[in-house]
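Trainee: I would like to learn how to read a structure such as this one. Please take me through it step by step.

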Amino acid sequence: MTFVRTRLALDRMEPGQVLLVVLRGEEPLRNVPRTAEEQGHAVLASAPGEDGTTRLWLRKGGAAG
């Protein structure tokens, strides 16, 4: 379900824009970055949050400009 929401957000963005995704739990942390890369997006960074979450920055793929 987490990637479904992530994909909907990415679909509304322009190529090259960056999305911050807040993940909670092991499964989304494994699946969201993998699936995003499979769909042509770039994982820019990942960092633990103070509240037990993980922040993940994704750049939407596709031709910019």
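**Reading the model**

Mentor: Helices (H or I, at least four residues) and strands (E, at least two) are DSSP runs, numbered from the N terminus. The model is predicted, so local features need pLDDT of at least 70 and side-chain atom pairs count only at pLDDT 80 or more, while totals for chains, interfaces and linings use all residues. Residues are numbered from 1 along each chain as its sequence is written, and side-chain values use heavy atoms, with hydrogens and water left out.

Trainee: Which residues is G49 in contact with, leaving aside its neighbours within four places in sequence?

Mentor: Contact means heavy atoms within 4.5 Å. By that rule, G49 is in contact with T54 and R55, leaving aside neighbours within four places in sequence. A C-alpha to C-alpha distance is another kind of value: G49 and L23 are 9.4 Å apart in space and 26 residues apart in sequence.

Trainee: What else is found in the loop between β2 and β3?

Mentor: D51 is found in that loop.

Trainee: Is D51 buried, exposed or partly exposed?

Mentor: Buried means under 20% relative accessible area, exposed over 50%, and partly exposed in between (1.4 Å probe, protein chains only). D51 has 44% relative accessibility, so it counts as partly exposed.

Trainee: How many helices and strands does the protein chain have?

Mentor: The protein chain has 2 helices and 3 strands. From the N terminus on, the order is α-β-α-β-β.

Trainee: Which residues of helix α1 are buried?

Mentor: In α1 (residues 2–11), the buried residues are F3, T6, A9 and L10. They cover an arc of only 120° around the axis, so they are on the same side of α1. The arc is that of the directions from the helix axis to the C-beta atoms. Exposed residues R5 and D11 are on the face of α1 turned away from its buried side.

Trainee: What do the buried residues of α1 pack against?

Mentor: They pack against β1 (18–23), α2 (26–38) and β3 (54–59). Take T6 as a case: it counts as buried because its relative accessibility is 4%. Leaving aside neighbours within four places in sequence, T6 is in contact with L19, V21, V32 and L58.

Trainee: Where does R59 lie, and which residues does it touch?

Mentor: R59 lies in strand β3. With a relative accessible area of 37%, R59 is partly exposed. Not counting residues up to four places away in sequence, R59 touches G16, Q17, V18, H41, A42 and L44. The C-alpha atoms of R59 and L19 are separated by 6.3 Å, although these residues are 40 residues apart along the chain.

Trainee: What is the radius of gyration of the protein chain?

Mentor: The radius of gyration is taken over C-alpha atoms, and the globule rule is 2.2 Å times the number of residues to the power 0.38. For 65 residues, a compact globule would have a value near 11 Å, and the protein chain agrees because it has 11 Å. Its C-alpha atoms fill a box of roughly 35 × 20 × 15 Å along the principal axes.

Trainee: What share of the residues counts as buried?

Mentor: Of the 65 residues of the protein chain, 31% count as buried.
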